[in-house]
Amino acid sequence: MYSFAQHKYTPIFHHQFCKNHSPIHRPQLYCSTTTSTATITTNTRHKPNDKPLVIEPRLLPVPPMAVTTGNPRPMDNDPSLQSTWSHRAWVAAGCTTLLISLGESIKGAMDLNIWGEPILAGWIGYILADLGSGVYHWAIDNYGDGSTPVVGAQIEAFQGHHKWPWTITRRQFANNLHALARVVTFTVLPIALVCHDPIVQGFVGVFSGCIMFSQQFHAWAHGTKSRLPQPVVALQGAGVLVSRSQHAAHHRPPYNNNYCIVSGIWNEFLDKHKIFESMEMVLYFKTGVRPRSWSEPASEWIEEIESPSQIQAQ
Ligand SMILES: [Zn+2]
Ligand SMILES: [Zn+2]
């Protein structure tokens, strides 16, 4: 088990060091001099050492965490990008859940004649949904794999997304949203059916709605300006939806920033204050698990350039 005391350097320094130099795992060579004592006349502090050249086993390199998508490169007409009736059913269930929640909020606001609080609650839900999208995105980008319970498929999908980012623009609507729609249905529908507080429902409805549609906002962030609907471009420009330039930074080395994909309003704060890096350090020292972003990017992690035929097909 590692500890700060053993390492003698601060977490920030350690993190930089891990990223740039992989210090603790880089092999260290110790050369021993074989000069005889008879030749040493000026510096008696250098004592002869006839130990052989050694490589300390504890400093042998650890292979970087494997990043495997488990999927081949998807083609434009790949079935994995198409919506199924199951996907559509889950998105319909998620949308119905959102309508019930927001409907309860509006109905309660009308009955009680209060509008300020539910609107404020909805606005807070919108702001916090961006933070929630960032935390979730960071978690599945850095930890777990395809075999992780519940979110394994999402982890694989996001790994595939880093290698082939443009495919999200080919992914059909329900295919892109069904996983989050399913989560919203299971978690929010019980609240929507039981709770009739307009303020709670204002928050829950907007928060879960932004989370569910975050993958659509994400897809738009990968769109080409000239091909996106004008209202979407305007909302991106106004900072209401995550901008294309901000999200593009997430797909450039070192692949460890700009995780938020609703409005992106939290990205600057989280990255400037190294919030996710601090969380990675805490998890590392508590559990020994290294996030994927600390490893030198494996070939699976690096974006494949879109071919000219694929660009024309957009
Ligand atoms: Zn990502
Ligand atoms: Zn992306």
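Visitor: Which residues of α3 are buried?
Guide: In this predicted model, the buried ones in α3 are His-87, Trp-90, Val-91, Gly-94, Thr-97, Leu-98, Ser-101, Leu-102, Glu-104 and Ser-105.

Visitor: And what covers them?
Guide: The cover over the buried residues of α3 includes α4, α6 and α7.

Visitor: How far does α3 reach?
Guide: Its 28 residues span 40 Å from the first C-alpha to the last, close to the 40 Å expected at 1.5 Å a residue. Just after α3 comes Asn-113, with a positive phi of about 55°.

Visitor: OK, what about α4, how many residues there?
Guide: Helix α4 covers residues 116-142, so to speak 27 residues, and reaches 39 Å end to end by C-alpha, close to the 39 Å expected. Just after α4, Gly-144 has a positive phi of about 80°.

Visitor: Back to α3. At what angle do the axes of α3 and α7 cross?
Guide: Roughly 155°, and the two axes come within 8 Å. An angle over 145 degrees counts as roughly antiparallel, so that is how α3 and α7 run relative to each other. The crossing of α3 past α7 is left-handed.

Visitor: Which residues meet there?
Guide: On the α3 side they include Gly-94, Leu-98, Ser-101, Leu-102 and Glu-104. On the α7 side, Pro-198, Gly-202, Gly-205, Ser-208, Gly-209 and Met-212 are among them.

Visitor: Now α6 and α7: parallel or antiparallel?
Guide: Roughly antiparallel. They pack at an angle of about 175°, with axes 9 Å apart. From α6, residues including Leu-177, Leu-180, Ala-181, Val-184 and Ile-191 meet α7 residues including Val-204, Ser-208, Ile-211, Met-212 and Phe-213.

Visitor: Met-212 keeps turning up. What does Met-212 touch?
Guide: Leaving out residues up to four places away in sequence, Met-212 touches Gly-94, Leu-98, Leu-177, Leu-180, Ala-181 and Val-184. Gly-94 and Leu-98 belong to the α3 side of the meeting with α7, while Leu-177, Leu-180, Ala-181 and Val-184 belong to the α6 side of the other one.

Visitor: Which residues have the most contacts inside the largest nonpolar core?
Guide: Met-212 and Phe-217, in a core of 37 residues. Helices α3, α4, α6 and α7 each supply at least two residues of this core. The most comes from α7, which gives 13 residues.

Visitor: Let's pick on Ala-181. Where is Ala-181 found?
Guide: Ala-181 sits in helix α6.

Visitor: Why does Ala-181 count as buried?
Guide: Because it has 28 C-beta neighbours inside 10 Å, and 20 or more is the cut-off.

Visitor: What does Ala-181 touch?
Guide: Trp-90, Val-91, Ala-93, Gly-94 and Met-212, again not counting residues up to four places away in sequence. For a C-alpha distance, Ala-181 and Ala-89 are 9.4 Å apart in space and 92 residues apart in sequence.

Visitor: Zooming out, how many helices and strands does the protein have?
Guide: The count is 12 helices and 2 strands. From the N terminus, the order is α-α-β-β-α-α-α-α-α-α-α-α-α-α.

Visitor: What share of the residues counts as buried?
Guide: That's 32% of the 314 residues.

Visitor: And how much of the contact set joins residues 24 or more positions apart?
Guide: Such pairs make up 73% of the contacts with a separation of 6 or more.

Terms used: Residues are numbered from 1 along each chain as its sequence is written. Chains are lettered from A and ligands numbered from 1 in the order in which they are written. This is a predicted model: local features need pLDDT of at least 70, side-chain atom pairs count only at pLDDT 80 or more; totals for chains, interfaces and linings use all residues. Helices (H or I, at least four residues) and strands (E, at least two) are DSSP runs, numbered from the N terminus. The expected span of a helix is 1.5 Å times one less than its number of residues. A nonpolar core is a set of buried Ala, Val, Leu, Ile, Met, Phe, Trp, Tyr and Cys residues joined through C-beta atoms within 7 Å. A residue is buried if 20 or more other C-beta atoms lie within 10 Å of its own, exposed if 12 or fewer, and partly exposed in between; C-beta atoms are placed from the backbone. Two residues are in contact if their C-beta atoms, placed from the backbone, lie within 7 Å. Axes are lines fitted to C-alpha atoms, for helices over the stretch in contact, and angles run from 0 to 180 degrees between N-to-C directions. Angles under 35 degrees count as roughly parallel, over 145 as roughly antiparallel, 65 to 115 as roughly perpendicular and the rest as oblique. A crossing is left-handed if the near helix is turned anticlockwise from the far one by less than a right angle, and right-handed if clockwise.
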